[in-house]
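Subject: Structure handover

Hello,

Here is the structure you are taking over. My notes on it follow below.

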Amino acid sequence: MNIVLFGATGMVGSRIAAEAAARGHRVTAVSRSGGLPETVSGDDNSVVAVAADARDRERVAELVKDADVVAAALVPPRDGSDPRAPFVALYTDLLAGVTAGGAPRTVIVGGAGSLRVAPGMRLVDTPDFPAMYKPEALAHADVLDALRADAATLPMWTYISPAPQVGPGERTGDYRLGVGDDLLPQAGSISAEDYAAAFVDEIESGAHPRQRLSVA
Ligand SMILES: NC(=O)c1ccc[n+]([C@@H]2O[C@H](COP(=O)([O-])OP(=O)(O)OC[C@H]3O[C@@H](n4cnc5c(N)ncnc54)[C@H](OP(=O)(O)O)[C@@H]3O)[C@@H](O)[C@H]2O)c1
């Protein structure tokens, strides 16, 4: 498949790039800096690094015009400002570019904070949720709300939340997939490598259009 991945140099995105390349896909690895993901060897011709801003709709349209799938592992601003409106605007621009470019599907790296832990209670609303991650979690929740609100007009999307803790680790290929908003039991943590495996499985299958998934 031809995959255009925004946020490809990041902690999560670079592992998605490596997973996709290992499965024989062609990856256009996009970031503003334009570097090659550190998980990918410079000899791997299946990954091409490109510098572009996901907010530049025309540039996005140009990049995705031959894509089978667009993937996004973008971050809300982490400079202490309120990230909520800028993150929704970032995804609004990206998806407008995807629509203009005619790419059929977009798979999005989400957040865990909006997953439900009890009826009417999200993880981000629980007393022990770390205050420092709350703005980012709420920004992710806003993006998911916007995707659902505009489902009829947006290109096909799938939103995949990781477990509450995700970081570099081991690829076991062993993960649990939740469909919908409930946090999986004992969700705990997942390695970014196993999250990437689940993410690329969804890229390949397209099995969950306009749905929110979670991986633990
Ligand atoms: N448990 C959880 O809920 C959980 C845990 C970890 C991560 N996450 C989520 O996973 C996502 C990825 O996190 P991460 O830690 O991998 O982030 P990261 O390491 O900061 O990577 C972000 C990537 O996005 C790129 N980027 C940012 N703004 C861009 C723009 N306007 N246009 C193009 N590229 C842009 C960055 O490159 P440039 O700066 O060069 O553009 C980089 O490649 C985030 O949304 C984060 O909230 C969730």
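Where is Gln186 found? This is a predicted model, and in it Gln186 lies in the loop that runs between strand S10 (177-179) and strand S11 (189-191). The phi of Gln186 is near 45°, a positive value, and the residue is not a glycine. For background, most residues other than glycine have a negative phi. Gln186 has 73% relative accessibility and the cut-off for exposed is over 50%, so Gln186 counts as exposed.

Arg210 also has a positive phi, of about 55°, without being a glycine. Its place is the loop between helix H5 (192-205) and strand S12 (211-215). With a relative accessible area of 34%, Arg210 is partly exposed.

Strand S12 holds Ser214. Because its relative accessibility is 3%, under the 20% limit, Ser214 counts as buried. Leaving aside residues up to four places away in sequence, Ser214 touches Leu115, Ser161, Arg176, Leu177, Gly178, Asp182 and Leu184.

The last item is a helix pair. Helix H1 (residues 13-22) packs with H5 at an angle of about 55°, and their axes are 8 Å apart. Roughly parallel needs an angle under 35 degrees and roughly perpendicular one of 65 to 115, so H1 and H5 are oblique to each other. Their crossing is right-handed. On the H1 side the contact involves Arg15, Ile16, Glu19 and Ala20; on the H5 side it involves Ala192, Glu193, Tyr195, Ala196, Ala197, Phe199 and Val200. By class, this contact of H1 with H5 has eight nonpolar and three charged residues, and no polar ones.

Regards

Definitions and conventions: Residues numbered from 1 in each chain as written. Predicted model: local features only at pLDDT ≥ 70, side-chain atom pairs only at ≥ 80, totals over all residues. Heavy atoms only, no water. Helix = DSSP H or I, 4+ residues; strand = E, 2+ residues; numbered from the N terminus. Buried < 20%, exposed > 50% of the residue type's maximum accessible area, 1.4 Å probe, protein only. Contact = heavy atoms within 4.5 Å. Axes fitted to C-alpha atoms, helices over the stretch in contact; angles between N-to-C directions. Parallel < 35°, antiparallel > 145°, perpendicular 65-115°, else oblique. Left-handed = near helix turned anticlockwise from the far one by under 90°. Nonpolar A, V, L, I, M, F, W, Y, C, P; charged D, E, K, R; others polar.
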